[in-house]
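Let's take a walk through a protein together.

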Amino acid sequence: MAARDLVAAIRRVRRTPGALVRHYRARHPHPVSELVHQPHPYARALGMVAVVLLGAWLGLLIVGSVRAPVGPMDTQMTLRPSATGGTKINVSPLGALELDSHIAPIRLDVDVDSLDPERSRALVDHPERLSGLQDEVTHDVQDGTLDLALRSCVAVVSGATALGLAVYRKPRRALAAGGLALTLLAASGATAFLTWNPKSVLEPKFSGLLSSAPSVVGSARNIVSEFDVYQKELARLVTNVTKLYDATSTLPTYAPDPSTARVLHVSDIHLNPASWHIIASLVEQYEIDVIVDSGDTMDHGTAAENGFLDPIEDLGAPYVWVRGNHDSQATQGYLERLKNVHVLDDGRTVNVAGLRIAGTGDPQFTPDRSVAAEGDPAERAAGSRLAAALLAQKAKGTPADIAVAHNPVAAKETDGLVPLALAGHVHHPEMEQLDGGTRLRIEGSTGGSGLRAIEDDKPDPVTASVLYLDRTTKRLQAWDEIKLGGLGLTTAEVSRHIPEENEPGATPTPPLSPDPSSRSPQGSP
């Protein structure tokens with residue numbers, strides 16, 4: 001009988017689950033099981049929270065970042081979900097530093113992308129603006145942070161609302177998800193504000209190549225205590241690249257004899273990116289035939305530094321390189337794969353621009369603290385091996401014109417075997433006439449000693465040399481010493497030098513050491 005009543009009821013009402021349940025409850029007031037399963041309230045709440053968090057994260061990932069100029073630099077600011085909060089500043093390719101600036105479920109990431117040449121040049125042209133650079137940077141950071149906050153609000157609300165609509169297919173619940181996302185972001189921002197720690201700059205955490213920063217730039221507490229001084233130096237530092245480029249763009253050129261080969265000698269760049277702009281400018285201004293780099297292009301020789309070498313391919317002249325004591329075998333292997341680069345080691349010889357150049361890499365890699373440095377004996381042994389290779393080359397009737405080694409101790413072992421030897425390492429330029437007739441040119445630092453430039457009160461200058469060689473005799477006719485002001489300085493100096501034997505009335509150039517049989521490849525001349 002009950003079954004017939006139920007069938008009749010179904011025929012009299014609309015066939016919907018809700019109407020069926022109401023009709024059945026009216027006829028049978030006793031509790032019955034729901035025909036449609038309803039999730040537990042806690043499960044619904046957890047589902048909503050998951051949708052909100054995932055949607056907010058996707059929104060921040062897609063559109064939650066801004067590009068903001070900070071002084072002469074271009075940066076990208078982004079908010080990221082985080083369990084600990086804080087601020088991370090990425091300075092590619094040197095590494096990153098992290099600050100415990102706040103405790104909140106969001107982290108501020110700042111990527112320093114590049115230095116804008118136009119804004120830097122404006123500072124160079126108007127030095128009076130340097131005094132107001134701090135206020136300008138502060139204003140730029142405030143504008144960028146406000147823009148980031150507004151964009152992040154839009155990003156989290158849009159992301160949570162879109163995902164809520166996709167999951168629940170109900171506008172009301174989707175709007176609820178967007179509102180909850182905005183509430184969570186506002187709460188996170190308030191937490192970050194209340195836990196803001198301005199003293200976090202006293203204890204930054206460095207990673208990558210910047211991990212050596214505390215030992216290079218000194219205690220962070222000293223930086224803060226002398227902030228006025230560091231503020232001025234930092235303002236001048238960020239304009240250094242443009243100053244150097246502007247200085248080299250107007251250097252006087254030399255009009256050599258058409259038969260003269262022009263060699264640009266650089267050394268000890270030590271990971272200074274400004275060096276590539278300087279070298280490219282000199283190549284163009286002086287119509288350089290070949291660039292010779294006597295090593296220490298890197299600072300630590302890590303694989304992370306390799307990308308720093310890529311501009312070499314576009315400098316406009318063949319690049320001859322030997323390994324320095326700060327360059328690893330990994331550095332050498334990377335350079336060997338670049339076009340227009342000639343890596344010399346173990347006495348290898350290359351013919352380029354009408355010159356035959358031989359060289360050897362430094363036998364020591366001093367950043368590796370697990371290996372004890374052997375000092376000058378190892379350098380002299382490497383120089384002797386280079387001398388033996390030069391003797392063998394000379395015995396074949398194809399003597400080398402230039403020998404290259406990083407350390408002058410090794411380069412001096414080639415005395416009497418080549419007209420000219422090139423070296424670096426000591427970070428100050430010298431020209432020496434050796435007893436056997438070889439002229440030794442020691443270059444300073446084309447990178448201004450890199451990060452080490454800020455260790456001393458007086459920064460190291462940026463130096464390079466243009467060497468003019470007679471293509472027939474392969475003898476040095478003259479050289480230009482180029483010296484640019486170091487960190488924060490704007491001076492540029494070019495001095496012309498003539499070898500004594502080329503001056504009017506000078507005695508003829510003494511011959512090199514006698515035939516190869518009179519020289520032992522294992523000893524000094």
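Which strands do the buried residues of helix 12 pack against? They pack against strand 9 and strand 10. The buried residues of helix 12 are Thr331, Gln332, Gly333, Tyr334 and Leu335, where buried means under 20% relative accessible area, exposed over 50%, and partly exposed in between (1.4 Å probe, protein chains only). Helices (H or I, at least four residues) and strands (E, at least two) are DSSP runs, numbered from the N terminus. At the start of helix 12, a side-chain oxygen of Ser328 comes to within 3.3 Å of the backbone nitrogen of Ala330.

Before going on, a word on where this comes from: it is a predicted model, so local features need pLDDT of at least 70 and side-chain atom pairs count only at pLDDT 80 or more, while totals for chains, interfaces and linings use all residues. Residues are numbered from 1 along each chain as its sequence is written, and side-chain values use heavy atoms, leaving out hydrogens and water.

**The whole chain**

The protein chain has 14 helices and 19 strands. Of its 525 residues, 43% are buried. Contact means heavy atoms within 4.5 Å, and among contacts with a separation of 6 or more, 62% are between residues 24 or more positions apart.

**The inside**

Nonpolar side chains tend to be buried together in soluble globular proteins. A nonpolar core is a set of buried Ala, Val, Leu, Ile, Met, Phe, Trp, Tyr and Cys residues joined through side-chain atoms within 4.5 Å. The largest one here has 32 residues, and Leu264, Ile279, Ile291 and Tyr319 have the most contacts inside it. Among the elements that give two or more residues to this core are helix 11 (274-286), strand 9 (319-321) and helix 12 (329-336). Helix 11 gives the largest share, 6 residues.

What does Tyr319 touch, leaving aside its neighbours within four places in sequence? Its contacts include Val266, Trp276, Ile291 and His342. There is also a second, separate core of 19 residues, with Val320, Ile357, Val404 and Leu422 among them.

**Charged pairs**

Side chains of opposite charge can pair when their charged atoms come close. A salt bridge is a side-chain nitrogen of Lys or Arg within 4 Å of a carboxyl oxygen of Asp or Glu, and the whole structure holds 7 of them. Here are some:

| Salt bridge | N to O distance |
|---|---|
| Asp109 and Arg107 | 2.7 Å |
| Asp289 and Arg471 | 3.3 Å |
| Arg496 and Asp480 | 2.2 Å |

Arg496 sits in strand 19 (residues 492-497) and Asp480 in strand 18, so this pair ties together parts that are 16 residues apart in sequence. Asp480 counts as buried because its relative accessibility is 1%, whereas Arg496 is partly exposed at 39%. Asp289, for its part, is buried at 18%, and Arg471 is partly exposed at 30%. Arg441, Glu443 and Glu481 are linked in a network of salt bridges.

**The outside**

Leu54, Trp57, Leu58, Leu61, Ile62 and Val63 make a nonpolar patch on the surface, with about 540 Å² of accessible area together. Patches like this take residues with over 30% relative accessible area and no salt bridge; nonpolar side chains (Val, Leu, Ile, Met, Phe, Trp, Tyr) are joined within 5 Å, like charges within 9 Å. Accessible areas come from the Shrake-Rupley method with a 1.4 Å probe, and for residues only the protein chains shown count as cover. Ile62 belongs to helix 3 (residues 41-63) and is exposed, with a relative accessible area of 67%.

Note on methods. A polar contact is a pair of N or O atoms within 3.5 Å; within protein, one must be able to donate a hydrogen and the other to accept it, and residues adjacent in sequence count only if both atoms are side-chain atoms.
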